[in-house]
Structures are given as C-alpha cells and as structure tokens.
Amino acid sequence: EAVEADPNEKPPLSTLINLDDFEKAFEKSGASKAWAYIHGASNDLFSLDANRSVWGRLWFRPRIMRKVKDINTKMKMFGQPAAMPVWICPMGIAKTAGEEGEQALSGGAAKGGIIHCMSTSSSMPPEEIVSAAPKTYPAFFQLYVDRQRHKTEALLARLNQMDQVKALFVTVDLPVVSKREADERIRQPTPTTSSYISDANQSSVDKKGGGLARTTGNFIDWCLDWDDLAWIREHTKLPIVVKGIQSAADAKIALDMGCAGIVISNHGGRALDNAPATLLILMELRRDCPEIFARMEVHIDGGVRRGSDVLKAVLLGAKGVGIGRPFQCAVSYGTEGVEHACERTCRSSTSTTNFANDL
Ligand code: FNR
C-alpha cells in the first residue's frame, strides 16, 4: 500500500550522525514508493545484504606508535582532486527523494569536496545538474547505452561540450532492469520523470506495474558487448571507466581495451541477485591480477557506509569507493543534507585513525 511522505517524521539533520541514519530517516519520512525504489534491490536481496555484511568480516591488524600526524585523506581520481577517496554513485531520478533532486547531490558534493557521478537516468539534464556546483568543479557522468545508438551519440556529443565532466562511467551490469519486488508491489503513479526519456513520450508513471526502475530503464541496450567500447571511444573525449565489473577475467579485458579504470560493482544488489559481494571481487582481483592496480584505477561500490569500509578498500588497492543510497536519501534534506552526509562520511582528514573511527 502506498504511503505519502510525512515531513513530521523527519528527524532534524543535526541528529543524523552516520550514513545509515540517512536511510533510516528516509524510510520513516519518505513516500513508501520512493523508499521502495531507492532502498530496493533484486529478488531475494541476497547480493544487497552480502555487499554490506562482508565489509564487517574483514579485520584490521592495527600497528601502533606510528608517525601519523601529517596523514590526510586528500587524493586524485581520474586526475581530479577530492577531499577523500569517496565519490557519489550515479543514481536515477533523484527527485523521488526531494525537490532539489540531482542538484542537491552536485551542490552538496562540491561543498563536501567530493565528486558526484551523474546518471543517464537523472531527473534533469546534465547541464542543469552541474550548474549547482561552482563552474570549475569536476563531475563524472554515467552512461547507459541506448538501443537507438544515435541517441547515445547525441548525448556523448553534448557531454563533450561540458567542461566540468571529467570521466565517463559506462554501466555494464544491468542489461535489463531486474525484478525489484518492493518497487513492483506499490503501484502508484510517481510524478517524476527522467530527462533522458522525457522526450520519448515516456514517463516514470508505473502504469504496467513493473516498478519505477523498469519504467525508466527500458531503453538500455541489453546486447552491449566489448566491441561497443571502441564505438563509444570514437564519440567521447572522456576517459572511459567500466562500471559493473564482477570478475578478474573481465577486469583484465577492460585493462587490455585501454580503459582508464573500472568500478567493481553489482549495482548495489539491484542487478543480478546472487552476484558476489563486491569486496570479495576486489580480493579476487588482488589474488588473480594484482598488476592491474598499478595500470588503471580500480574503484568499488556496494554497501560502503563507514570510514573503516573505505579504508579497507583502499588498503586492498582500490583508488576510491562509491557510496549510493545514503546520499540519495540525503537529498530529502536538500543540498545541506548532502553536504552533511559528506561530512559524516569522513569527519576529519587529519589522521587515519580518525578516518577509520569517526564513523
Ligand atoms: C542506482 N545505481 C545506478 N547505477 C548506475 O550506473 N546508473 C543508475 O542510474 C543507477 N541508479 C540507481 C538508483 C538508485 C536509487 C540506487 C540506490 C542505485 C547503482 C549505484 O550507482 C551503485 O552501484 C550502488 O547504489 C552502490 O551501492 P550502495 O552504496 O547503494 O549500497
């Protein structure tokens, strides 16, 4: 049954002290359809749950009495400076979470010193999204390839004109939008639409009952293969990052094809359920192809919620990590909420101990 958003249930921003709190707040105060879309994942939620729980099964071996005074978390990803090795994952139709939509993610990320990766399925055009950040602030763009290739070519041409966009994340783990049962169960028209499909007389109104995600994602080309990367390269000046790598074998192909990087991802458990937890894939890469870490940027997302998770990923060779759902939920508090979420991700950049312990 659909329940409308209840602003009275929304705790004050200052009481949210970790990233999980943003999801809990949205579960209480957001519309039930929006919560089902944002929090939901595929089928039995096995991959969703495993993504999160596996981070807790890896231990640090603390070494003590080291000179840590001057350590900080600043770094560069794909040549762009960031305050910490964290970026905001691309997520569709952010207006489901709050009026400001993707502008809150872009503006809040800039205030927090991290980079936002815009989704093809955003509620508003990319030019509008980046306009919420300072003119020279970097952003990434996530591409879903359209079955109608000329539309993708037109989108890439547009991105080539946008100086703020610094990398192209090509998502490859979602050839078809999976079965998201929470989303499917609530059959409620949701008054928000993706700017990408709005010109095709489609909308995010879930008329057929397949869920909001299926409605917005039905243009995706399920036949995309490695040869298509060469075609993408012809149409973009941006470094190409393959998002959705789930095996060492595929990581090696991405490297051989000259990609600038990969994101180990199973789409936050929203693509193939029973796909392995992403941390396990990162460990597989370290075992089976350790050489790739020096030759391209390896990133990871899925269930990252604490500074300690970020530290584990970095210690295992990841250049950076993406965080998704908590930031989408933070959009219900607007730009300020997203900035607060950045701050709660890494409260102090002065020492690794704080980095691990602050959350
Ligand atoms: C996503 N994700 C996603 N990925 C992508 O490449 N393009 C997209 O449009 C979307 N849309 C989207 C919407 C929502 C609401 C969520 C929660 C996720 C997947 C996303 O980029 C990322 O891989 C996961 O969200 C990471 O997992 P956590 O941090 O949410 O656990």
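# Close-up views of a predicted model

View 1. Strand β9 (residues 297-301) runs parallel to β10, and 3 bridges pair the two strands. Within this pairing, I300 has V321 of β10 as its bridge partner. Between β9 and β10 the chain passes through α13, forming a β-α-β crossover that is right-handed. Strand β10 also pairs with β3, again in the parallel sense and over 3 bridges. In that pairing, W87 lies opposite G322 of β10. Side by side along β10, G320 and G322 point one way while V321 and I323 point the other way, and all are buried.

**View 2. Helix α15, residues 334-345.** This helix has 12 residues. From its first C-alpha to its last it reaches 17 Å, close to the 16 Å expected at 1.5 Å a residue. Because 9 of its 12 residues are buried, α15 is largely enclosed by the rest of the structure. The buried residues are T335, G337, V338, E339, H340, A341, C342, R344 and T345. They pack against α1 (19-29), β3 (86-88), α4 (102-112), α13 (307-315), β10 (320-323) and α14 (325-330). In an α-helix, residues three or four places apart point the same way, because there are 3.6 residues a turn.

**View 3. The shell around the ligand.** Of the 25 residues around the ligand, those that come nearest are C89, S119, T171, G268 and G324. The elements α2 (32-39), β10 and α14 each supply at least two residues of this shell. By residue type, the shell divides into 7 nonpolar, 14 polar and 4 charged residues.

**View 4. Strand β7, residues 240-245, between two pairings.** Strand β7 is mostly covered, with 6 of its 6 residues buried. Strand β6 (residues 165-171) runs parallel to β7 and is joined to it by 4 bridges. Here T171 has K243 of β7 as its bridge partner. T171 is also one of the residues that come nearest to the ligand. Strand β8 (residues 261-264) pairs with β7 in the parallel sense, also over 4 bridges. In this second pairing, the bridge partner of K243 is V263 of β8. The chain leads from β7 to β8 through helix α10 (residues 248-256), and this β-α-β crossover is right-handed.

**View 5. Two residues with positive phi, M65 and I93.** Most residues other than glycine have a negative phi. M65, a residue other than glycine, has a positive phi near 60 degrees. For I93, likewise not a glycine, phi is positive and near 30 degrees. M65 belongs to the loop between α3 (46-55) and β1 (75-77), whereas I93 belongs to the loop between β3 and α4. M65 has 5 other C-beta atoms within 10 Å and is therefore exposed. I93 has 28 other C-beta atoms within 10 Å and is therefore buried.

**View 6. E284 in helix α11, with S247.** E284 is part of helix α11, which comprises residues 278-288. Because E284 has 17 C-beta neighbours inside 10 Å, it counts as partly exposed. A residue is called buried at 20 or more such neighbours and exposed at 12 or fewer, so a count in between gives the label partly exposed. In sequence, E284 and S247 are 37 residues apart. In space, the two residues lie 7.4 Å apart, C-alpha to C-alpha.

Terms used: Residues are numbered from 1 along each chain as its sequence is written. This is a predicted model: local features need pLDDT of at least 70, side-chain atom pairs count only at pLDDT 80 or more; totals for chains, interfaces and linings use all residues. The expected span of a helix is 1.5 Å times one less than its number of residues. Two residues are in contact if their C-beta atoms, placed from the backbone, lie within 7 Å. A residue is near a molecule or strand if its C-beta atom, placed from the backbone, lies within 6 Å of it. Ala, Val, Leu, Ile, Met, Phe, Trp, Tyr, Cys and Pro count as nonpolar, Asp, Glu, Lys and Arg as charged, and the others, Gly among them, as polar. Two strands pair if DSSP finds at least two bridges between them. A crossover is right-handed if, with the strands pointing away from the viewer, the path from the first strand over the helix to the second runs clockwise.
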